[in-house]
Amino acid sequence: MNSRQRLRIALAKGRLYQPAVACFGRAGVRLDPDPGRRLLIPSSDPAIDFLVVKPADVAVYVESGAADLGVTGTDILRESGADVLEPLELGFGICRLVVASPAEDSWPQRPGGQTARVATKYPRLAWGHFARAGRPVEIVTVNGSVEVAPLLGLAHWIVDLVDTGNTLKANGLVERETILTIGAVLVANRASQKLKLDQHLALMRRLESAESAAPKEG
Ligand code: AMP
């Protein structure tokens, strides 16, 4: 099969990997649920293979055309601003991007009208949220363990993903505002969707019918 007909799909390592493998499995495209150190993985469909990359890189590979399609969370996708198509919501990885602050805070006031410092992995989305609300803040970008920032005095508030709310609670934080509902989506390279339209449509039909039969999360 020549490369014009093949589809390469980028999957994110980590939290979305297993649900993505299960989702493709329901659509009849089976791949190894444990990729180990391999970056390129064949599937049960000779016309489809998978590329396993860091979550933030899925949109980069798809936007550039190195992958035809990808599965990523809308948190990382919106933060990246990548120019890709989003043909399908996949119904897993559902959570929300929120503003949280310590339970004892007199939210949203700061003592003496001081500007709030906000720690987040999502500086662009956080900026957009506070700018739309007309509230000046200072953003501190961190790569992880965001919930500990107020405890350590690094920031007053945080912007982060929440699923059950247990991590916020364990760190004495309260959810104050929801910025976005997040979920896994199928993303597609614009040129690839034009050049390989039939393959894209066939895969989407398989995923859609598999997802309508799947139990819904949450
Ligand atoms: P929880 O304690 O269930 O509210 O989960 C919150 C923690 O899990 C935070 O550290 C989040 O960054 C992370 N988290 C929750 N849902 C997701 C998701 N869908 N994708 C990536 N990280 C998530």
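Mentor: Let's start with classes: Ala, Val, Leu, Ile, Met, Phe, Trp, Tyr, Cys and Pro count as nonpolar, Asp, Glu, Lys and Arg as charged, and the others, Gly among them, as polar. By that scheme, the shell around the ligand has three nonpolar, five polar and five charged residues. This is a predicted model, where local features need pLDDT of at least 70, side-chain atom pairs count only at pLDDT 80 or more, and totals for chains, interfaces and linings use all residues. Residues are numbered from 1 along each chain as its sequence is written, and side-chain values use heavy atoms, with hydrogens and water left out.

Trainee: Which distance is found for the side chain of Glu147?

Mentor: There, an N or O atom is 3.0 Å from a ligand oxygen. For Asp163, a polar backbone atom is 2.8 Å from a ligand oxygen.

Trainee: Where does the ligand sit?

Mentor: In the largest pocket. A molecule sits in a pocket if more than half of its atoms lie within 2 Å of its grid points.

Trainee: How many residues line the largest pocket?

Mentor: The lining has 36 residues, with Arg15, Asp75, Lys121, Tyr122 and Leu161 nearest the centre. Its largest share, four residues, comes from helix 3.

Note on methods
A polar contact is a pair of N or O atoms within 3.5 Å; within protein, one must be able to donate a hydrogen and the other to accept it, and residues adjacent in sequence count only if both atoms are side-chain atoms. On a 1 Å grid over the protein atoms alone, a cavity is a set of points where a 1.4 Å probe fits but cannot get out, and a pocket is an open set with protein on both sides within 12 Å along at least five of seven lines; lining residues have an atom within 4 Å of a point. Helices (H or I, at least four residues) and strands (E, at least two) are DSSP runs, numbered from the N terminus.
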